[in-house]
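This briefing goes through selected features of one structure, grouped by topic. Please have the sequence and the 3D view at hand while reading.

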Amino acid sequence: MNQITKQKAHIVFTLNGEPVEVAFAPHKTLLEVLREDMGLMGTKHGCELGECGTCAVLVDGRSILSCLMLGLDAEDRAVETIEGMATADGPHPLQETFADTGAAQCGYCTPGFLLVAKELLAHNANPSRDEIREALSGNLCRCTGYIKIYEAVELAAAKMRGEEMTLPKESVYGYK
Amino acid sequence: MKPFVYSRATEAAAAVRQVSNERSAKFIAGGTNLLDLMKSGVELPDRLVDIARLPLAEITALPQGGVRIGAMARNSTAANHPLVRERYPVLTQAFLAGATGQIRNMASVGGNLMQRTRCPYFYDPAMRCNKREPGSGCSAVEGFNRIHAVLGASEQCIAVHPSDMCVALAALDAVVRVQGPEGEREIPFDDFHRLPGDTPQQDTNLRHGELITAVDLPALPFAKRSHYLKVRDRASYEFALVSVAAVLDVSGGRVRDARVALGGVAHKPWRAREAEKILTGARANEETYRKAAEAALSGARAYKHNTFKIELAKRAIVRALSTAGGSGA
Ligand SMILES: Cc1cc2nc3c(=O)[nH]c(=O)nc-3n(C[C@H](O)[C@H](O)[C@H](O)COP(=O)(O)OP(=O)(O)OC[C@H]3O[C@@H](n4cnc5c(N)ncnc54)[C@H](O)[C@@H]3O)c2cc1C
Ligand code: FES
Ligand code: FES
């Protein structure tokens, strides 16, 4: 690790598949480093206490809360934020189904939900409603009432398995 | 957050040296409790020694049928490890009842042992609190004390220990392995956390600079039959109002052996030995479980807003024992 003083730390890590270098004040959380020192505003700043889940990112493939992790702890690790979720081929299936079902309203909680759902589907291609509920229980949403979010995850999981799945019509965004 | 000097330890002995040499130095593991307390200004360390990358995360079988869990094992990894799942289901259930997936991915076993109370007066530097500022008084005794202790409290402090994991570890007679400047020692679980007495500022008997390296679980074959019940204000993402770890050895309709520990009721994970005495040798039925519950809470004392906890704890004990005891066969 590079020398760290009280004023400045300098680290290298992998961000959304690319190596990056960043300098920041050593007491900053990963959330602050991403937003303030790297200009990545997709990771949201909510409660700052570990209680809302909107700051969730993936570190070495596991979801964590960036408001409770030091930026320094990211050194040499692989961090994935919402900015890395879509690829050149288009949005991730979860992003598509969140839009299709209206699982995002104000959208403030959405980055956290998407990344945690992505982690779930990486380990469990066909999760039950209860498993989805449990996996997402650390993410709070004040708008949707959660049902649309669970449906969006189920729909994306089906898509990723290459299966057909139709939601009840009233679940599809824009249905009258 | 107040600035601090940071270093990452590559060797346990060096980490121990760095922290023991400086009064206001602290270890940081997952950071989920320490960073939170630093943001609120409750903890103000000048130096952080990061132990997260020390090779202390292994979970291994011990020769006599026990299991060793490294202090840096993350709560999610420990919860789902086959050795823990198979031998100590009560511990897996306790882990999974705590916090959320994201926090469990970060939280270490050592940090969980050392997490501090969630008493709101402790968390608020503007309030009087003997735990945060010895001698300043306890705001909870006369304040809003719904979540506070009903067992083992003192006039100095009525805070409760918030951990779920620790309640299961208390029931399982775990041993905490630590490394200090003078070498290693083992602390039986019951001696690890303290009652508040006149020194509520001290949560545990760990000395400054001592590093927890692992938790040993002794063999307990009947722990296969165990249950963790957590009662809280909402179904997930909430600390326990009351929790019960129950481990029962039942055969031929009788309880051969029992371990019962309670969470959310005291300054430390509370081993209910009076209840265990009543259970051992008695018929495995609800009447026995009720007597055990009465015995466990016989010394309870409530404050203005937490009277309900006494009855809640009794009912939770009966339910946890009934679940652990199964059909009693
Ligand atoms: C929103 C939220 C909800 C939560 N809900 C629950 C819940 O329902 N149930 C529950 O049980 N817990 C809950 N927790 C608490 C969580 O389990 C703890 O914060 C976590 O276990 C602490 O572990 P850590 O590795 O992050 O510790 P850190 O924050 O890194 O450290 C905590 C303390 O332990 C010390 N320490 C850490 N490792 C060692 C070691 N090896 N040796 C000596 N000292 C050490 C540090 O110096 C520090 O003082 C919750 C936390 C949050 C933020
Ligand atoms: S901002 Fe991190 S959990 Fe709310
Ligand atoms: S969409 Fe607004 S908080 Fe979830």
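The model is predicted.

**Helix α5 of chain B**

- Seven of the nine residues of α5(B) are buried, so this helix is largely enclosed by the rest of the structure.
- The buried set consists of B:Val90, B:Leu91, B:Thr92, B:Gln93, B:Ala94, B:Phe95 and B:Ala97.
- Just after α5(B), the backbone at B:Ala99 has a positive phi of about 50°.

**The sheet of chain B**

- An open sheet of chain B is formed by four strands in the order β9-β10-β11-β12, with antiparallel pairing.
- β9 (226-231) and β12 (270-271) of chain B are at the edges with a single partner strand each, so one side of each has no neighbour in the sheet.
- Between β9(B) and β10 (residues 242-251) of chain B, the antiparallel pairing runs over six bridges.
- Within this pairing, B:Ser226 is placed opposite B:Val247 of β10(B).
- Helix α5 (residues 89-97) of chain B packs on the sheet and touches β9 and β10 of chain B. The direction of α5(B) makes about 20° with that of β9(B).

**Surroundings of ligand 1**

- Ligand 1 is located between chains A and B.
- The shell around ligand 1 holds 32 residues, and the closest are B:Gly30, B:Gly98, B:Gly110, B:Gly111 and B:Met114.
- At least two shell residues come from each of β2 (25-28), α2 (34-39), α6 (101-106), α7 (109-114) and β8 (211-217) of chain B.
- α7(B) gives the largest share of the shell, four residues.
- By residue class, the shell around ligand 1 has 16 nonpolar, twelve polar and four charged members.

**B:Ala57**

- B:Ala57 sits in the loop between β3 (47-50) and β4 (59-61) of chain B.
- B:Ala57 counts as partly exposed because it has 18 C-beta neighbours inside 10 Å, while a buried residue needs 20 or more.
- Apart from neighbours within four places in sequence, the contacts of B:Ala57 are B:Gly70, B:Met72 and B:Ala73.
- B:Ala57 and B:His193 are 136 residues apart along the chain, and 22 Å separates their C-alpha atoms.

**Helix α2 of chain A**

- The buried residues in helix α2 (residues 93-101) of chain A are A:Leu94, A:Gln95, A:Thr97, A:Phe98 and A:Thr101.
- α3 (110-123) and α5 (147-160) of chain A are among the elements that cover the buried residues of α2(A).

**Contact between chains A and B**

- Chain A puts 24 residues into the contact and chain B puts in 20 residues.
- On the side of chain A that touches chain B, strand β4 (residues 62-65) of chain A provides the largest share, four residues.
- That side of chain A is made up of 13 nonpolar, seven polar and four charged residues.

Conventions:
Residues are numbered from 1 along each chain as its sequence is written. Chains are lettered from A and ligands numbered from 1 in the order in which they are written. This is a predicted model: local features need pLDDT of at least 70, side-chain atom pairs count only at pLDDT 80 or more; totals for chains, interfaces and linings use all residues. Two strands pair if DSSP finds at least two bridges between them. Two residues are in contact if their C-beta atoms, placed from the backbone, lie within 7 Å. Axes are lines fitted to C-alpha atoms, for helices over the stretch in contact, and angles run from 0 to 180 degrees between N-to-C directions. A residue is buried if 20 or more other C-beta atoms lie within 10 Å of its own, exposed if 12 or fewer, and partly exposed in between; C-beta atoms are placed from the backbone. A residue is near a molecule or strand if its C-beta atom, placed from the backbone, lies within 6 Å of it. Ala, Val, Leu, Ile, Met, Phe, Trp, Tyr, Cys and Pro count as nonpolar, Asp, Glu, Lys and Arg as charged, and the others, Gly among them, as polar.
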